[in-house]
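Me: I would like to go through this model carefully and ask what lies behind the terms used for it.

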Amino acid sequence: MHKPLKKIVIVGGGSAGWLTAGIIAAEHSTDAVSGIEVTLVESADVPTIGVGEGTWPTMRSTLKKMGISETDFLLECDASFKQGTKFINWQTNTNEYYYHPFTLPRGFNETNLAPFWQPFRDKISFADAVCMQSHLGEHDYAPKQISTAEYDFSANYGYHLDAGKFAFFLQKHGVKNLGIKHIVDHVGQVNAAENGDIASITTQQHGDISGDLFIDCTGTSSILLAKHYSVPFVGKKHILFNDSALAVHVPHQTPDSPISSFTCSTAQTAGWVWDIALPSRRGVGYTYSSAHLSDEKAEQTLRNYITPIIGKSAAQVSSIRKIGFNPGHREKFWHKNCVAVGLAAGFIEPLEATALALIELSAKMISEQLPATRQTMDIVAKQFNIKFLHRWDNIIEFLKLHYVLSKRVDSDYWRDNRDETHFPEGLQEQLILWKTQSPYHYDGDEAGKMFPPASFQYILYGMGFITNSARKKRIDLSKNADRLFNENVKHSRQLLAALPTNRELINKIKQYGLPKI
Ligand SMILES: Cc1cc2nc3c(=O)[nH]c(=O)nc-3n(C[C@H](O)[C@H](O)[C@H](O)COP(=O)(O)OP(=O)(O)OC[C@H]3O[C@@H](n4cnc5c(N)ncnc54)[C@H](O)[C@@H]3O)c2cc1C
């Protein structure tokens with residue numbers, strides 16, 4: 001119980017495994033005598049999921065902390081910049097759209113602009129009025145210039161990347177620069193210690209590998225937390241219906257086609273199509289509810305979507321991959337000396353790209369709160385479970401919000417989504433509250449949440465929700481809001497005049513690289 005925790009064994013070499021290993025190894029000494037040992041075991045027989053191409057801005061600080069050059073990352077992972085999501089046809093299916101940018105509304109921490117924007121809602125969209133980033137999105141502009149240092153920005157950003165290349169890139173960096181031990185072998189057995197902890201795992205060629213802490217990053221197989229410990233699964237399909245995805249890679253229309261720095265999410269009859277632009281190709285996929293749509297119809301929708309990009313005959317023969325998933329998460333994530341990260345912990349659906357962000361946050365907490373000995377592990381585990389259950393709830397509420405505000409009537413999928421019996425607990429109440437006051441810093445627990453109130457504002461007002469506050473604001477507050485609106489106009493103009501397009505910036509990075517920090 002009092003022996004120092006030294007050996008961390010991570011099972012699984014997808015994005016979850018390599019991010020977790022990298023985050024831990026970048027923070028702690030892996031010196032053979034006094035440091036910890038981080039070993040990652042991955043099977044050559046079980047492929048990684050191969051999707052997950054949109055990140056949050058958190059990825060910038062994650063990569064930076066791991067000592068990664070942003071230029072190397074961008075070039076080796078075929079990555080480009082992501083500034084948020086553009087939602088098309090979610091509200092009325094009439095080619096309307098709105099933006100959820102990564103930048104907070106102007107002056108958000110001092111003033112809530114939402115009530116001051118409401119009287120002008122028919123004249124200007126919420127995102128356009130309060131933030132410069134939707135303006136950049138309309139022109140496919142980059143969030144920075146070639147002279148901006150690595151990881152710095154003019155507009156907040158994350159990335160669009162090639163998932164396969166990303167895991168390989170992290171592996172190379174982790175093994176070469178962070179001292180991570182890499183074993184390619186299949187884990188066939190989990191061996192228990194007397195106290196119920198995992199003592200070791202048995203691999204086919206490397207025998208038993210023992211450890212003090214085991215991190216389950218084995219994807220949907222979840223061989224440690226689910227299979228060995230039988231930690232129950234909490235299904236969420238009754239709230240968020242999507243359980244299937246079809247994915248395809250397509251070339252750009254022409255080699256110099258614009259690269260969008262917003263994930264385009266286009267609502268369909270029974271789900272939505274994601275469209276992620278990388279420098280060399282686009283990753284497109286339809287995520288849908290199998291209870292509302294057949295695979296054949298979904299496939300036809302996806303082929304129709306890519307037809308304008310690559311032409312009819314190419315669209316008909318493109319190779320499409322089906323991925324099934326069961327939306328939900330484990331009842332707890334840390335049990336005994338085992339913690340699950342990534343798909344092994346759960347997955348809801350790709351909307352708003354929460355999975356990689358949750359991996360980063362999980363790995364960060366494991367690393368920062370790494371128990372000194374086994375004695376304190378259960379205390380850390382308890383805190384971890386409380387925090388992450390809260391985060392999953394926040395994600396579920398936020399994702400469901402995208403669906404319940406839709407006015408679409410073209411299928412049962414949209415009607416069922418508005419049925420209150422499928423709402424997560426609390427959402428109905430919040431919607432009543434938001435009719436008279438907009439989301440803001442109201443409940444004092446923002447740090448534990450995944451999405452800030454600003455994100456709720458972008459979705460609510462993008463989807464045409466109306467907040468009618470009966471109270472009039474003081475005149476000096478209105479003047480301050482006018483100042484912020486005017487500053488946003490000025491700032492947007494300045495950035496539009498100064499920034500290159502994404503394609504121009506990526507081409508320059510290939511030539512010169514970004515200045516090092
Ligand atoms: C359709 C879809 C779209 C998505 N889009 C996004 C997105 O845009 N943004 C985002 O953040 N997330 C997205 N995700 C989620 C994202 O793909 C995953 O969270 C991420 O890739 C992490 O996966 P993973 O590493 O947990 O699992 P995997 O990639 O499945 O890796 C599992 C690893 O475990 C190993 N393994 C399994 N069994 C054994 C064994 N017995 N012995 C040894 N090793 C074993 C495998 O070899 C593999 O290395 C999406 C998911 C889906 C399904």
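Me: How do the axes of H12 and helix H14 (residues 427–434) cross, and within what distance do they come?

Reply: The axes of H12 and H14 come within 11 Å and cross at roughly 65°. Here axes are lines fitted to C-alpha atoms, for helices over the stretch in contact, with angles running from 0 to 180 degrees between N-to-C directions. The helices themselves are DSSP runs (H or I, at least four residues), numbered from the N terminus. The model is a predicted one, in which local features need pLDDT of at least 70 and side-chain atom pairs count only at pLDDT 80 or more, while totals for chains, interfaces and linings use all residues. Residues are numbered from 1 along each chain as its sequence is written, and side-chain values use heavy atoms, with hydrogens and water left out.

Me: What makes the residues of H12 and H14 a contact?

Reply: Contact means heavy atoms within 4.5 Å, and the residues that make it are Glu 397, Lys 400, Leu 401 and Val 404 of H12 together with Leu 427, Gln 430, Leu 431 and Trp 434 of H14. By class, five are nonpolar, one is polar and two are charged, where Ala, Val, Leu, Ile, Met, Phe, Trp, Tyr, Cys and Pro count as nonpolar, Asp, Glu, Lys and Arg as charged, and the others, Gly among them, as polar.

Me: Why is H11 called roughly antiparallel to H12?

Reply: The axes of helix H11 (residues 354–368) and helix H12 (residues 377–404) cross at roughly 165° and come within 12 Å. Angles over 145 degrees count as roughly antiparallel, and therefore H11 is roughly antiparallel to H12. Their contact has eight nonpolar, three polar and two charged residues.

Me: What is the handedness of the crossing of H11 and H12?

Reply: The crossing of H11 and H12 is right-handed, a word used if the near helix is turned clockwise from the far one by less than a right angle. H1 also passes H11 in a right-handed crossing, and the axes of helix H1 (residues 15–27) and H11 come within 9 Å, at roughly 35°.

Technical notes
Helix = DSSP H or I, 4+ residues; strand = E, 2+ residues; numbered from the N terminus. Parallel < 35°, antiparallel > 145°, perpendicular 65-115°, else oblique.
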